[in-house]
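The following exercises concern the structure shown below. Each task is followed by a solution in steps.

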Amino acid sequence: MFVTVLHGDNEEALFNIHCRVQLLLEGIKRTCHCEPEVEIELADENGQIKNLLENRHCYASEILSERETCILLAVSRPAGTTEAVFTPLLNDEDIINSKFLAKLGNWGESKSSSSRTKSKRHSRKSVVIQSMSLLDGKPSPPQPGKSKSTASTTKKRAGKS
């Protein structure tokens with residue numbers, strides 16, 4: 001049982017989902033070269049958030065579907081608010097389009113009953129644009145003595161340039 005995670009410049013990685021969500025997220029961060037302090041989340045190709053961070057102690061196979069394709073997201077919480085801002089860590093305009101971003105922007109509205117002001121939506125867009133450099137882009141050297149808890153494979157997506 002695995003999922004495909006799309007990230008970076010049209011890259012993809014396979015991850016075993018028969019493990020706890022916390023271990024899956026750690027494996028994704030390591031394989032996809034995310035900064036250690038960055039929180040990550042996954043969304044489907046339509047922009048629907050998977051809520052892995054809220055279910056860290058569940059098995060990933062209870063939340064994710066086998067052979068599902070997911071988009072890697074960075075999660076930030078602006079100062080003075082508990083609301084999460086999701087930033088796609090995939091550079092693919094075919095997938096990360098206005099419809100996908102609109103769905104991400106509506107996540108908080110569908111999650112809570114409070115409505116947002118227009119100014120908060122505009123500040124969200126600026127956070128998304130400023131946060132695009134969270135991926136290193138270079139493979140990190142293997143760390144001796146660390147074993148991988150999830151199986152993963154990374155490759156460039158075929159047919160995209």
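**Exercise 1. State the accessible surface of the protein and the share of it that belongs to carbon and sulfur atoms.**

Solution. The accessible surface is about 9500 Å², an area computed by the Shrake-Rupley method with a 1.4 Å probe, where for residues only the protein chains shown count as cover. Carbon and sulfur atoms account for 50% of this surface. The model is predicted: local features need pLDDT of at least 70, side-chain atom pairs count only at pLDDT 80 or more, and totals for chains, interfaces and linings use all residues. Residues are numbered from 1 along each chain as its sequence is written, and side-chain values use heavy atoms, with hydrogens and water left out.

**Exercise 2. Determine how many helices and strands the protein has, and in which pattern they follow one another.**

Solution. Helices (H or I, at least four residues) and strands (E, at least two) are taken as DSSP runs, numbered from the N terminus. The protein has 4 helices and 6 strands. Along the sequence they give the pattern β-β-α-β-β-β-α-α-α-β.

**Exercise 3. Describe the position and surroundings of V5.**

Solution. First, locate the residue: V5 belongs to strand 1, residues 2–7. Next, consider burial (buried means under 20% relative accessible area, exposed over 50%, partly exposed in between, with a 1.4 Å probe and protein chains only). V5 counts as buried because its relative accessibility is 0%. Then list contacts, meaning heavy atoms within 4.5 Å. With neighbours within four places in sequence left aside, the contacts of V5 include F15, I28, L42, C70 and L72. Finally, compare sequence and space: V5 and L72 are 67 residues apart along the chain, and their C-alpha atoms are separated by 6.3 Å.

**Exercise 4. Find how many disulfides the structure contains.**

Solution. A disulfide is a pair of cysteine sulfur atoms within 2.5 Å. The search of the whole structure finds 0. For C32, the nearest cysteine sulfur is that of C34, 5.8 Å away. C32 is buried, because its relative accessible area is 1%.
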